[in-house]
Structures are given as C-alpha cells and as structure tokens.
Amino acid sequence: MPIGRFFLKVIFMRRHLPFLILIATTVLIGCHQNKTTEALEPIRLKGQAQGTYYSIIYYDEQQRDLQPQIDSILKAFDLSASLWVETSNLRRLNAGLTDTLDPILSELFRQDDWLYSHTDGAFSCAVGKLVRAWGFAFDKASDMNQKRVDSLLLATAHNFSITSDGSISTIERTIAGQEYDFNAIGQGYSVDLISKYLKSLGINNHLIDVGGEVIAFGHKPDGKSWTVGIERPAKDKDAIPEVETMIKLCDCSVVTSGNYRKYYEKNGVRFSHTIDPSTGYPVEHSLLSVSVIANESWLADGLATSFMVMGLDKALEWLKNNPDQPQAVFFIYDDNGSNKTYATPEFQKLIIE
C-alpha cells in the first residue's frame, strides 16, 4: 500500500498538571512510493509519551512490530527525566532525596554542560525553580517582581559538577535546593534513543517524531528522501498548523522551538515559556521560531532553545563565530507586524522548491 500524502494531526496532551511539553510543531509529509517498493510495507506506530504524541515510520524487511519495545524506552525515559512523573529520578533529585544519576540523567547533564559552555550560558538546565515560578511547570505562576527574580537567580547559577566512579555518577551541588529541568533537550534525546535502538536492529530507514522533535534516518525504499514541513508561527496556541516551508532530510534531525504555542497571558501581557537564564525573565524579542538541523536531536533541540534565548542578531553572530557547529538554521521573526524568514545557506540547500 503506498504511503500517500498525510499530515500528522497535532495532539496537545495534558497530564494531571497544566503543562504542554510541545514547544513547536513540525508537520511530517510522506511521499508516494512507486510500484517497485510496494512489496515493502511501512510500519507505523503512534502513541503517547512525555505529555504529547509520538509517531514513527520505519521499513523493516522482517516487518516487526516494535511498539512494546519503544513504549518501554519512552517509559524508562519518563521514569528517569520527566518532571511530570512524581517518582522520576529527576523529581527525586530536585527534592533532595538523591544525588545519584541514572545513565539517562547522567547523559542529559553532559549535554547540558556542552550547551551551557558553548552558548555563553544561553542554555542551562539549572533554571528549574525559575520555570516553576513563572508557571511553566507543575505549579501556578507566582507573583513575579525584580526582587523575586533576583532571589531565584541566586538559586539557578550553573554551579554544580558531575563525578563518576565506574558506572555510577553523582552530582555535587554548591547551591542547596537547586532544581533542574531538561524539557529543552529531553524530547530530543528520547528521539535519539529510539533511533539508536532501531539502528541496532538493522532498521536504518526510519522517521521518528516525538512531540515535534524529528529525526530522519536513511530514506524510503524507493530512494526518495524523507520530507518535513516547518510550521508557520500561529497567532495563538490553538490555531491549526500551517506549513511555512518544506525540507528534505537524511541522517539528521530537525527541531523547531518557538514561543507561539506555549505561553500564558496575564493583565494583557503574554509571557513566553522561554526563560533567559541570565535575566530570569521570559524572553522578549522579535524572534518567533527557530528550526535547527543537526546530526543528533538533542543538539538540534538545545541549540533551537539557545537561539530563542539569544534572539535573531545574537544567534546569527553565534553561527558566524562557531563555523564547526550546526549551521543549517531557519529563523522566522516579526518585522513590524509581518512575519519574515531567514534561512542560512546550509538550510537553503535542503528547501524543496
């Protein structure tokens, strides 16, 4: 049966707490197969994890249904790093009940350390208390003022270290009660884990989407590339997704971060979920969304968030000063009430005309 053309319906799943994990939506579009590939049926899996949806397509000569195994990977991830699972290792860590890190948390801290040091602090997992205070976790927003923000900034300094003794890693904190939040790279890393699992089984042609974090490995059996659509920024969080531009992907990930789906309004002011670790406030600039392409989804995820913190001008400067880092980036920004776009030369090569 040919794949045909389809759009994944965006599903905003809420856990018991009012929080949307989905930051920005990426719409996947499949291509038609020709007759020579109709014998190899695509395996399609859909489900729920991390407070959002997942959708996976892969081609397997053995036609294995791997949904139980993939659900197990995602469950293990939630039990490690989810803020929405009360018994997760991360919740226990934030509550001061443990300083021991499981392998998933240990790797997330390593990724955070790289991003923090390479983005001059635009990315930091230590903003947990700030995120909660602004109402983007499992608590309602506090009454925020400069004094409150300043006190929280003292608790969110990036002052901790990870030590390992064999297979056991522990965190050493210099700030009592410091809390960590990996939502900005967690979904991306879970996508990487699923892709790694599929490749370990010899399934080298697959497309994985967890809440808008996408990785495309290999291609369809007819040799055609995977095709992905980048969402046009919506006017509000409930608007129907529309595609801004189409790109082709192979052996890489694309992640879009934006402020137009996850926010709240208070006294006529819109507060974005993207918190600047240096100021303690939600960002306020013209950048609406950033799409980053990288070899690994966690890196695309983290850089997209970092660029949203930096804003357009600083993000472009960062790209210029870091030519050895991912350079395929697509920006959508507001220009006096009109949306404008800028694609780096590396990104332009992937756009489908």
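**Strand partners and ring pairs**

Tutor: Let us start with Phe160, whose bridge partner in strand 6 is Arg173. This is a predicted model, in which local features need pLDDT of at least 70 and side-chain atom pairs count only at pLDDT 80 or more, while totals for chains, interfaces and linings use all residues. Residues are numbered from 1 along each chain as its sequence is written, and side-chain values use heavy atoms, with hydrogens and water left out.

Student: What makes strand 5 and strand 6 a pair?

Tutor: Two strands (DSSP runs of E, at least two residues, numbered from the N terminus, as helices are from H or I runs of at least four) pair if DSSP finds at least two bridges between them. Strand 5 (residues 160-165) and strand 6 share six bridges in the antiparallel sense, so they meet that definition.

Student: Why is the pair of Trp114 and Trp298 called edge-to-face?

Tutor: Rings of Phe, Tyr and Trp (its six-membered ring) pair if their centres lie within 6.5 Å, and planes under 30 degrees apart count as stacked, over 60 as edge-to-face and the rest as tilted. The centres of Trp114 and Trp298 are 6.3 Å apart and their planes stand at 85°, so the pair is edge-to-face.

Student: How do you know that Asp113 is partly exposed?

Tutor: Buried means under 20% relative accessible area, exposed over 50%, and partly exposed in between (1.4 Å probe, protein chains only). Asp113 has a relative accessible area of 45%, so it is partly exposed, whereas Trp114 and Trp298 are buried.
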